[in-house]
Amino acid sequence: MAFQALADPTRRAMVERLSRGPTSVSELARPLVMSLPAVMQHLAVLESSGVVRSRKIGRVRTCEINPEALSLAEQWINRRRIELEHRLDRLGQYLETLKSVRRRS
Amino acid sequence: MTRMPDKGPAVQPQPVRVSRVLAAPRELVFKAWSSAEHVKRWFAPTGFSVPHAKVEMRVGGVFEILMRAPDGVEHWARGTFAEVSPVDRLVLDLRVEDARGNHLFRAYTEVSLADAEGGTRIEATQTYTLLDPGAAWMTSGAPTGWAQTLDKLAEEVARMQDTNEAKRSVV
């Protein structure tokens, strides 16, 4: 699931960077070479969640966003919001019923 | 590199601090920083090579390293020695640039050595001055690379000690 992958601020920054277009792993970590090993670890998490996919051309690994994985996460949040709205609608209807009962009594 | 959207005013990244006890005397650990020949063997994370290094260990002297990533992409760290106090302390004022030569960071790197149980405690503190807000998140991964680099430094001082041992046994 995408949410665990997106829970980390560094991984969200990487996703924001990749949203602007595909890039190589080294380019992603540039300029701070000391952070490159950590970037590789974060990429592995992003890849296993499906949020990012990569392909290797020669020696260079290029990463890009997988829009379907983000769309699945978005759909999940949307479904929760719709459920919540329906519940509030039902609460509203019930309150209306209570009001009309009180008026009649 | 372009700016990250909606990050507000640039927040300077937290300094990165790493520390390790190396099984070698302070003189030897200090020596491992002193020449390109030594630095090329260890100053990079795991899987990286250092095809070029220029090290002039004196105040104002050049410290210049080219690191080659496992995927072949090359990264420069260039700077000067700001302080050289044998065998206690070294300060490197490093500038980090992108591929087009734009300045992105200043990485002020303080290294201190102290006697410790089992050898020498090395402590490195890297303080960043951010010149490109879009690069702020990158420093959060630096401790991983530094830990790997200190692993390689530990191997290098062990190798240096073995070589000394070998020389002594011949004599």
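**View 1. The contact between chain A and chain B in the predicted model.** Chain A supplies 20 residues to this contact, and chain B supplies 27 residues. On the side of chain A that touches chain B, the elements giving two or more residues are helix 2 (9–19), helix 3 (25–29), helix 4 (36–48) and strand 3 (60–65) of chain A. Helix 4 of chain A gives the most, with four residues. By residue class, this side of chain A holds 12 nonpolar, four polar and four charged residues.

**View 2. Packing of helix 2 of chain A with helix 4 of chain A.** Two packed helices are described by the angle between their axes and the distance between the axes. Here the angle is about 75°, and the axes lie 10 Å apart. Angles of 65 to 115 degrees count as roughly perpendicular, so helix 2 of chain A is roughly perpendicular to helix 4 of chain A.

**View 3. Residues where helix 2 of chain A meets helix 4 of chain A.** Helix 2 of chain A brings Thr10(A), Arg11(A) and Met14(A). Helix 4 of chain A brings His42(A), Val45(A) and Leu46(A). The residues of this contact divide into three nonpolar, two polar and one charged.

**View 4. Helix 5 of chain A, residues 67–104.** This helix has 38 residues. At 1.5 Å a residue, helix 5 of chain A should span 56 Å. Its end C-alpha atoms are 55 Å apart, which agrees. The number of buried residues in helix 5 of chain A is zero, so the helix lies largely in the open.

Methods
Residues numbered from 1 in each chain as written. Chains lettered and ligands numbered in written order. Predicted model: local features only at pLDDT ≥ 70, side-chain atom pairs only at ≥ 80, totals over all residues. Contact = placed C-beta atoms within 7 Å. Nonpolar A, V, L, I, M, F, W, Y, C, P; charged D, E, K, R; others polar. Axes fitted to C-alpha atoms, helices over the stretch in contact; angles between N-to-C directions. Parallel < 35°, antiparallel > 145°, perpendicular 65-115°, else oblique. Expected span 1.5 Å × (residues − 1). Buried ≥ 20, exposed ≤ 12 C-beta atoms within 10 Å, placed from the backbone.
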